[in-house]
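This briefing concerns one chain. Please consult the sequence and the structure shown below before reading on.

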Amino acid sequence: MSRSDDPLIGPLRYLRGYPAPLVAEVRTLLADGSLAQRLLKKYPAPHAVRNDTALYDYVGELKARHLRNAAPLAKVAWDGKLASIHNALGTHTRVARVQGGKITTRREIRIANLFRDAPPEFLRMIVVHELAHLKEPEHDKAFYQLCCRIEPDYHQLEFDVRAWLCCIDAGGAALWQTGTAP
Ligand SMILES: [Zn+2]
C-alpha cells in the first residue's frame, strides 16, 4: 500500500492500530463536524490544575496511591515546548548524570501544555500513562496492564484523547480554553 493510499494519514494517524470500525466512526464524525461537540458533551468542563505546583501535587498524589515503590520524581512540569501535538502524549525522561563518580537518575515528568486546557479525565489519562512508564518503559502488555490497574477506564480515555488530537490536528478550535493565567 503506498503512502497516499494509507487511510490513516492526516488527523486520523492518531488512531493507528485501533479497530477499523472505530476509526471509521471517528472519520465520519470528523467529516460532519460533530466530533468536537461529542467530546464536549461527554467531557463538559476543564480541570483546575493550572500551574507546576498544582501539577506536582496532582501527580504526587496518584503516585503515592498507586506506585508507592517507584523512585521519587525530581521534577513535574507543564511544558510549552511539547506544544507540537506529535509529542502531546508526553515525555518521560531519565536524565542520567554522574555525581561524585556515581551515576544517578533524575526522573522527570513533563506534560504538554495542550493538556492544561483539557477535562480532568484527559489529564488523568496522560498522567497515568507517564507514571506507568516509571515501571514499564515500553508500550507493551505489562505497561497497559499497569495503566488499567491505576485507571480502569484507561483504554477508553486514551482513545478519546486521541480523537481529541484528531480534532485539533484537523484545525478545530480549542474546546476547553480557560483563558486564565496561572
Ligand atoms: Zn508512552
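Which residues touch the most other members of the largest nonpolar core? They are Phe 115, Phe 122 and Cys 166, in a core of 36 residues. The model is predicted; local features require pLDDT of at least 70 and side-chain atom pairs count only at pLDDT 80 or more, while totals for chains, interfaces and linings use all residues. Residues are numbered from 1 along each chain as its sequence is written.

**Core**
- H4 (120-132) gives the largest share of this core, eight residues.
- A nonpolar core is a set of buried Ala, Val, Leu, Ile, Met, Phe, Trp, Tyr and Cys residues joined through C-beta atoms within 7 Å.
- Phe 115 is in contact (C-beta atoms, placed from the backbone, within 7 Å) with Phe 122, Leu 123 and Ile 126, neighbours within four places in sequence being left aside.

**Overall architecture**
- The order of elements from the N terminus is α-α-α-β-β-β-α-α-α, where helices (H or I, at least four residues) and strands (E, at least two) are DSSP runs.
- Of the 182 residues, 28% count as buried, that is, with 20 or more other C-beta atoms within 10 Å of their own C-beta atom, placed from the backbone.

**Packing of H2 and H6**
- The contact joins Leu 35, Ala 36 and Leu 39 of H2 to Asp 160, Ala 163, Trp 164 and Cys 167 of H6.
- By class, this contact of H2 with H6 has six nonpolar, no polar and one charged residues, with Ala, Val, Leu, Ile, Met, Phe, Trp, Tyr, Cys and Pro counted as nonpolar, Asp, Glu, Lys and Arg as charged, and the others, Gly among them, as polar.

Conventions:
Contact = placed C-beta atoms within 7 Å. Buried ≥ 20, exposed ≤ 12 C-beta atoms within 10 Å, placed from the backbone.
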